[in-house]
Amino acid sequence: MSKTHSLVKTPYLQFNRAQWAALRNTVPMTLTEDEIAQLKGINEDLSLDEVAKIYLPLSRLLNFYISSSVRRQTVLEQFLGTNEQKVPYIISIAGSVAVGKSTTARVLQALLSRWPGHRKVELITTDGFLHPNAVLKERGLMKKKGFPESYDIHRLVDFVSALKSGAAQVIAPVYSHLIYDVVPDGDKLVQQPDILILEGLNVLQSGMDYPHDPHRVFVSDFVDFSIYVDASEQLLESWYINRFLKLRQGAFTNPDSYFHHYAQLPQDEAVKIATQLWKEINWLNLQENILPTRERASLIMTKSANHAVENVQLRK
């Protein structure tokens, strides 16, 4: 009796590193090694080879999508007989704490801004839309920072909605990792970019993630292309702990740092605390609120050791 093998159906095209790298085609490298060194995070290895094999093909794909979007907008304006204000193409980047979202965002910003046409590319992190510490303390949410309930989701949705409506300028709050809080009066003015890169833990979340604060419109409703940066839980934990140890020797030594008290800890005690913070806060948030959004992404980048992307999944 023959066995019937069912094929696993997926909405994604699968690429290994070599297959994805081949899609770079003839896109030139526009970043130098020094510039790449400035773009990488404190705990990451980002090489010229990684940019060439992973980020140049991605920037080529995004350029195709963006050009198509611009043409579609022109067609709509011709049909309506209008000349609407500029509407940005929004790219969101999600993933766990310590996975390297910020580096991905900075590299894409640098590459996309150097394409012919010199598009204006803004980068905003959703950290700025966290409730201030005073509010989180009042609500008993300081240990839930990064969880859905810690965000002013209405303000975030209003921000992206205003940009998509063609508003001439929109205000984005700014977050400081030094003081571990939203910067009072530190707002950033965003004025009609061609492309907006929105990076954060929550950019792929929907209404099911906010049962405490029901709303009908979500950030993802305004996003044109979404990226999820993925890695195994073991790698994420080790990257988080290593980053904590590097910050302990660097930024935490600043007397103004919210975490200055960690700078004097012995190495073994620092590792113990970082492990506890990972398990009790960041791992829990990953399992409950971040990882479940992965399959909503347009593209999933999966990393191996040294933050090297080993495969790419692109939604069909």
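Guide: R294 and D230 form a salt bridge, with the closest N and O atoms 2.8 Å apart. A salt bridge here is a side-chain nitrogen of Lys or Arg within 4 Å of a carboxyl oxygen of Asp or Glu. The pair links distant parts of the chain, 64 residues apart: R294 sits in the loop between α8 (267–290) and β10 (299–303), D230 in strand β9 (residues 225–230).

Visitor: Is D230 buried or exposed?
Guide: D230 counts as buried, at 10% relative accessibility. R294 is partly exposed at 22%. Buried means under 20% relative accessible area, exposed over 50%, partly exposed in between (1.4 Å probe, protein chains only).

Visitor: How many salt bridges in the whole structure?
Guide: Nine. One of them joins E50 and R17 at 2.7 Å, N to O. E50 lies in helix α3 and R17 in helix α1 (residues 17–21), so the pair ties together parts 33 residues apart in sequence.

Visitor: New topic. How far do I trust the model?
Guide: This is a predicted model: local features need pLDDT of at least 70, side-chain atom pairs count only at pLDDT 80 or more, and totals for chains, interfaces and linings use all residues. Residues are numbered from 1 along each chain as its sequence is written, and side-chain values use heavy atoms, leaving out hydrogens and water. Mean pLDDT (the predictor's confidence in each residue, from 0 to 100) is 91 for the chain.

Visitor: Where does pLDDT stay under 50?
Guide: Over residues 1–6.

Definitions and conventions: Contact means heavy atoms within 4.5 Å. Helices (H or I, at least four residues) and strands (E, at least two) are DSSP runs, numbered from the N terminus.
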